[in-house]
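This briefing concerns the structure shown below.

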Amino acid sequence: MFDEIDVNGTCHCGKIKINARVKKSKIRACHCTDCQKFSGAPLRAIAIASHDKISIKGTPTEYVKIGDSGNKRIQAFCPDCGTQLFATNMDKTSFNIRTGFLDQRSDLEPNQHVFTTSSMTWFKKQFLSDMK
Ligand SMILES: [Zn+2]
Ligand SMILES: [Zn+2]
């Protein structure tokens, strides 16, 4: 309970609104090459919410990414402005919400960095020197 925080955000054009309750102990920064490509940024940070703790107003566009393992993931974004909103499994039971469009993004400090093997070399140099 103490670990949970209510978050909300809208895409850049305002067409999609999302409210959710996420766990503060499970904020993740992902440095994988897919996150870099999808976001156009060096990394992507996410907060996790189960399906009963998220409400979505508006209709995001869904792109199904097929991983090397054949695993399918829905990548959702605003059809108008392209703001990336979340990723979810095909059954939509768990949502990885992109923290960048949430009003509370500054409080959502990642406690885990994953796929750092593909981090930008300059990022490692500047920020990850103390990490494994
Ligand atoms: Zn939008
Ligand atoms: Zn990733």
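**Strand pairing and overall fold**

The bridge partner of alanine 29 in β10 is histidine 113. This is a predicted model, in which local features need pLDDT of at least 70 and side-chain atom pairs count only at pLDDT 80 or more, while totals for chains, interfaces and linings use all residues. Residues are numbered from 1 along each chain as its sequence is written, and chains are lettered from A and ligands numbered from 1 in the order in which they are written.

**Pairing of β3**

- Strand β10 (residues 112-114) runs parallel to β3, and three bridges join the two; strands here are DSSP runs (E, at least two residues) and helices are DSSP runs (H or I, at least four residues), numbered from the N terminus.
- Strand β3 (residues 27-30) also pairs with strand β4 (residues 44-50), in the antiparallel sense and over four bridges; pairing requires that DSSP finds at least two bridges between two strands.
- Arginine 28 stands opposite isoleucine 46 in β4.

**The three-stranded sheet**

- Three strands form an open sheet in the order β1-β2-β5, with antiparallel pairing.
- Its edge strands, each pairing on one side only, are β1 (4-10) and β5 (54-57).
- On average, neighbouring strands of this sheet are turned by 15 degrees against each other, direction ignored; axes are lines fitted to C-alpha atoms, and angles run from 0 to 180 degrees between N-to-C directions.
- Seven bridges link β1 and β2 in the antiparallel sense.

**Asparagine 19**

- Strand β2 (residues 17-23) contains asparagine 19, which is the bridge partner of asparagine 8.
- Asparagine 19 is partly exposed, because 15 other C-beta atoms lie within 10 Å; the cut-offs are 20 or more for buried, 12 or fewer for exposed, and in between for partly exposed, with C-beta atoms placed from the backbone.
- Not counting residues up to four places away in sequence, asparagine 19 touches Asn8 and Ser55; contact means C-beta atoms, placed from the backbone, within 7 Å.
- Isoleucine 66 is 47 residues from asparagine 19 in sequence and 27 Å from it in space, C-alpha to C-alpha.

**The chain as a whole**

- The protein chain has two helices and ten strands, with the elements running β-β-β-α-β-β-β-β-β-β-β-α from the N terminus on.
- The radius of gyration is 15 Å, close to the 14 Å that the globule rule gives for 132 residues, so the protein chain is as compact as a globular protein of that length; the radius is taken over C-alpha atoms, and the rule is 2.2 Å times the number of residues to the power 0.38.
- Of the 132 residues, 27% count as buried.

Conventions: Two residues are in contact if their C-beta atoms, placed from the backbone, lie within 7 Å.
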